[in-house]
Structures are given as structure tokens and as C-alpha cells.
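Here's a protein chain to explore. Have a look at the sequence and turn the structure around a few times, then read on for a short tour.

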Amino acid sequence: MDVDPLADTAPPRHAIESDDEDEYDPSPSQPKPDHLSVPDVKFTGNFPTKSPLLLASGIAGEAWARGADLGQQQGSIYVGGSQVGLLFLPSWTRAVVVVSETFTRLPLSAMNRYTTAVIDRLQPTSFSVLDTYSIQGYISPKVIPWDEAPVRYLSTNAIPISNPELEPFSPPNLLQSTTASLVTNVFWKSLQSTESYVATLFLLPSPKLSVQPPSTIKPSSFPPSDHAQWSKKTMQKLHQWLFDVFGEGENVVQWVEKISGSPRLQTGNKRLARGEVGEGGMYI
């Protein structure tokens, strides 16, 4: 029988060894049912509602949280049984803080479920979000060296910040991340509601190419945030911008640079990986 030599998949064994009239089916195998399922999202701890939400994600979130004096962890968000979000309630702000995906990364199939659940459970009044963008993958009219790359932002509305060091994340650049899913969901929520919801995503520059989301929920392979080498000045300005969205920028506790690889933070991460919350959990 005839076999297409350019087919994407190998022909079945009988199609090669048999001389009968069996038809060759080039259709790819179907994915397993468990790969199609969307994992459940569960919340443990004290999650206030109707407050501003600051969600800091990935290596940017871990680097910022280290110097933000967030206090003791108050709760967790689990996706498919894996801890993804860490809840903090600092006394110096009315905002709820969630540090997300610092040691567990979400696949594309789980991002929308996770961000929708966060919005529905916390019902935030406004959103300030932190993540990174890749300098190598960013399309701009000119080449921008790593040490000159600005912090960029995306927002569903005009932002109350005027600073030449903060630049828009401009088309045709795209983000494929959990934080992008969150901002998109806030935008659609605003269109469907009489209330106005504002979400602003701040993006620290990263010298590395963006890492593709995993196919399943698994521990992250992010490099230590220390390697990103964001300056103390940049982090302090970013800290104020994050809270400017809530009208608190000039009054919040100052961001303080911590020693790299703090044993306290490392111990907290190990405990969090075991799912401990509250007493004996994570301090930042």
C-alpha cells in the first residue's frame, strides 16, 4: 500500500508490514483525558474581600517580596493540589498581597481558572500586578541594552503615575502568562459590569528569554531572582508605583534591600513546598 513519506506521524505497524488494503490513518493520537481536565482551585486561610489586590508573580514577585516586609503568611491558593499563591496581609497597607508562582508554575490550561477564581473569591476593588518581560524578545524601534531597559506597564485604564522611567508595554509585543490572564479577565469583567475595575501590570526587564509554560503543574525552574540584578533604586521606585495604583505610594513602608539568598527565605520556601501555612510558614 502507499504510505505518505511526509506525514507528521509514523504509520501504524500493519500499514508497513501488510500488503492488504488496510487504510492508513495519519490522524495524530488523541491526548489523554487527564491532560484535558482543568484542575480545581482551593483557598485556605483568611482571604479578605472588597480590598485592593497586589499580585506579584514569578522571579519579580520573589525579588520584590524579599524587601517588602510582608510579615507572616496568612493563607494559600492551591491549584490541583499544588500551592501556587501565598497570601499576606501587611498592616501598613489596606491591600491584600498574593505572591504567586514563585516555586510552582501553571500551564496555560490552568491560568484562566486560577485568575478567575482569585477574582471571584477576593472580589478586589482594584489590581496592581507585578511580573517580568524579556528584553531579548521585546520588539522596539531600537536595541535597548539590559542596563538601560525600563520598567514597563500595561493597564486597563490611565495610571496615576507620570515618570519617564516607566514606559508602556507596546504592540506588537504579547504576554503569555498568568498575570496577563488576570489583567484580561479584569478587562472583560469591567465590560460586563456597571462598576469600573482597574488593573495595572508592571513588568521588570529580564535579560533572559521568556520560559514557555509547562504542560502540567510542576515546580518552577526559575533562576534565583538575585541573578536578575535589579538595582535597589529600581526596586524602591517600583515598590512605590505598585501602591500608587491604590493611592498609597507615598505612605507605604519603604522597600528595603535584603541579603541575597537569605536563609530565612530559603527555609520558608522549603516549608511552603510542604504546604505549611501560618505558624511555621513563610515570612518575607
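## The overall layout

Count up the secondary structure and you get seven helices and eleven strands. Keep in mind that this is a predicted model. The chain has 284 residues, and 45% of them count as buried.

Now for how the chain folds back on itself. Take the contacts between residues at least 6 apart in sequence: 74% of these join residues at least 24 apart.

Let's zoom in on strand β3, which covers residues 73–79. Six of its seven residues are buried, so you'll find this strand mostly covered, where buried means under 20% relative accessible area.

β3 pairs with strand β1 (residues 41–45) through five bridges, and the two run antiparallel. One spot to look for is Thr44, whose bridge partner in β3 is Ser76.

β3 also pairs with strand β4 (residues 82–88), again antiparallel, this time through six bridges. The hairpin made by β3 and β4 has two residues between the strands, and in it Gly80 takes a positive phi near 60°.

## Phe127, tucked into the fold

Next, find Phe127 in strand β7. Is Phe127 buried or exposed? Its relative accessibility is 0%, and because the cut-off for buried is under 20%, Phe127 counts as buried.

What is Phe127 in contact with, leaving aside its neighbours within four places in sequence? The list includes Leu53, Ile119, Leu182, Val186 and Tyr197, and also Val245 and Phe246. For a sense of distance, Phe127 and Ser155 are 28 residues apart in sequence and 9.7 Å apart in space, going from C-alpha to C-alpha.

## The largest pocket

Finally, let's look for empty space. Rolling a probe the size of a water molecule over the atoms shows where such space is left. The largest pocket here has a volume of about 710 Å³.

Its lining is made up of 31 residues, and those nearest the pocket's centre are Thr132, Gln176, Ser177, Ser210 and Val211. Sorted by class, the lining has 14 nonpolar, 13 polar and four charged residues.

Which elements each supply at least two residues of that lining? They are α3 (58–66), β7 (127–134), α5 (178–191) and β10 (199–206). The largest share, four residues, comes from β7, the strand where you found Phe127.

How values were computed:
Residues numbered from 1 in each chain as written. Predicted model: local features only at pLDDT ≥ 70, side-chain atom pairs only at ≥ 80, totals over all residues. Heavy atoms only, no water. 1 Å grid on protein atoms, 1.4 Å probe; cavity = no way out; pocket = protein on both sides within 12 Å on 5 of 7 lines; lining within 4 Å. Points joined across faces, edges and corners; volume = space filled by probe spheres on them. Nonpolar A, V, L, I, M, F, W, Y, C, P; charged D, E, K, R; others polar. Buried < 20%, exposed > 50% of the residue type's maximum accessible area, 1.4 Å probe, protein only. Contact = heavy atoms within 4.5 Å. Pairing = 2+ DSSP bridges.
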